[in-house]
Amino acid sequence: MAASPAKENPTNPVTGVVRPLATAAKQFTKSLFRPSTIVYPYERLEDPTFRGKVAVAAGRPIGVGDVWDNYRGVHALNIATCISCNLCAFSCPDICIEMVTVAGGDPKHPKKCPQIDYGKCSYCGFCSDACPEGCLTMTTRYELSVTKRAEMVYPPERLHEVFQRKLPMNPIRLERPANEDNILLDAPLCIGCNACARDCPTKCITMLDVAKPTPKPGEKLPRRIWKEPVVNDSDCVRCGTCISVCPKECLFWGTHK
Amino acid sequence: MSGATLYSVSAALSALLLGAVASILPAPVNAWLTSPDVVTGLAVLIFSAILLAASMINTIMLIWFERKMLGRFMDRRGAMHVGYAGLLQNFADGLKLFRKNTFRPREADSLGFYAGPTAYMVTSMILFGVLPISTGWSSGALPLSLLLALAIFSFAPLFIFVSAWSSNNKYSLIGGMRSAAQMIAYEVPILLAVVAVVIVAGSFDLNVIVNEQQNYWFWAPLIVALIVFVAGMLAEMERIPFDLPEAEAELVEGWNTEYGGMLFAFFMLADYVRALIGSILVVLLFLGGWTMPSWVPSVATSFPLAGIFWFMIKTYLVFGLFIWIRASLPRVRTDQLLRVGWNRMIPLALLSIVLAAVVVTVRCLPLVGCVPPLGG
């Protein structure tokens, strides 16, 4: 029903003045006793008192933890199970993860755990997908307001506190991007230096003796330790640490023939 | 309460202060300090300081009241965080404006640019010295205080126009012209509506007008005059729906487009001072001022400062009506505004004068009952 121009005339005493006043009064009374908004930092939709009042379109009440189960919020880090494999930092597209030293490692090879800069983080969840041990997960906590920019950087200890609070975790961990490759050895280049086995976070590399060949006359044997790394593929998390620490670049990704 | 007036209190305070200071000073100075002229001078200063503080605090509370109430009309909550329920938010805003830099357009006229807002503010504040808030508020009887108040009230278009013209900005100029046209158009019905009140009360003295309402308030017999007066006050205060001079959608900020910092705060504050004065005038002329009907138990009207208390309650209710209107009605066009002003408000105001004459003659109205004769 189209209203005639005369009905919209704001100088008409009834339709232009009395009726709008009545409408506004009705709205005012409703809002005075049952406001549509809550005073957010002090009241929350998570409060049980508000559960029954606010309902989503499906009729399901909004309540505690009623962000979606796979909501990607602040990370939780279990320092105890972290193996310092660096995969989280490696997978991070925003380069917001830095591996920093935490207490409790051996002094020569300190234990390193991820420190996350939430000023840069885009909450993509790749790090928790990449984590081979499931020690870096994402919780449903979404409040990150801080007053100083430096507070946006969460050191591992703080992420561990989030873990200890046992917040609802994001249970969905996608399949890791398939890396079916294995660590292969280019045996003639290896010098048996043990760097790969030393730095392997899962200790799946063992150095096995190899037979020292008998030199032919006039041939000079290379100066090396007569050991070679053997990778236990079922334990390997494909972090690539061994490849990056190898001084001779004799380890590489490949498939077994 | 009955004997002491605000002026007598400040005079006593002044004498006390000067006596204390004089007692520790050498002979020629303390004699001068305690002389009647000096005591009176300081008393006037204290009197004005009290008035200034009271009116400023009330004005700022009025802004808070508007923000909260308008918020509810829009299903919001208004200011919430600074102070309890946002009570101190406006002080924070004022502090912010106070700290801001004020600059003037290069081509603007310096004298008018700075004098305009100052004069607008000052003339608005002067009105508090004229209007009685309660018995014993004003120092002496001004026989023509209503005329004086309305005369000072109508200074505003001049200063708005001066500052708009000095800004050298097209939006300011259009806003200033609209403001002048609107205020002049609505002065006439306001004065005619006031004439109706004056006819019934028989005096231009606001104290007398209020005392006449001791037994019956004027709003019921003079309902037409009340409607005209409220509509005219809305236009005078430049509030929605008559806020054409600062129509944000068309004119940026109207006649105060070029103003920032404390000069803008002057305009803003003076606008609310005028809104407060408009509400006070409605209460004084139509709602019985500080008097209460006889059916109200005497407990509620006899405690100290009861007059001021009830007066402020009424004032804020009237201002709540203005907020209600602001939240409900859209802005009218210029032609509609002027048509309402000249074509409808003036005949209504004339009608209200006739009604006032009838009231004075008959002294009895249906639903209102009979009122005592003049002076009784």
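A residue is buried if 20 or more other C-beta atoms lie within 10 Å of its own, with C-beta atoms placed from the backbone. The model shown in these views is predicted.

**View 1. Helix H12 of chain B is mostly covered.** Helix H12 of chain B runs through residues 261-286. Of its 26 residues, 23 are buried. From first C-alpha to last, H12(B) reaches 37 Å. That is close to the 38 Å expected at 1.5 Å a residue. B:Gly288 follows H12(B). The phi of B:Gly288 is positive, near 80 degrees.

**View 2. Chain B is assigned two domains, domain 1 and domain 2.** Domain 1 of chain B covers 1-95, and domain 2 covers 100-370. Their C-alpha centres lie 23 Å apart. Domain 1 of chain B gives 18 residues to the contact, and domain 2 of chain B gives 19 residues.

**View 3. Helices H1 and H3 of chain B line up on the domain 1 side of that contact, each with at least two residues.** Helix H1 spans 6-22. H3(B) supplies the largest share of this side, 12 residues. By class, the domain 1 side that touches domain 2 of chain B has 12 nonpolar, five polar and one charged residues.

**View 4. Chain B touches chain A.** On the chain B side, helices H3 (36-73), H14 (306-328) and H15 (334-362) are the elements that give two or more residues. This side of chain B has nine nonpolar, two polar and five charged residues.

Notes
Residues numbered from 1 in each chain as written. Chains lettered and ligands numbered in written order. Predicted model: local features only at pLDDT ≥ 70, side-chain atom pairs only at ≥ 80, totals over all residues. Contact = placed C-beta atoms within 7 Å. Helix = DSSP H or I, 4+ residues; strand = E, 2+ residues; numbered from the N terminus. Nonpolar A, V, L, I, M, F, W, Y, C, P; charged D, E, K, R; others polar. Expected span 1.5 Å × (residues − 1). Buried ≥ 20, exposed ≤ 12 C-beta atoms within 10 Å, placed from the backbone. Domains from an automatic or database assignment.
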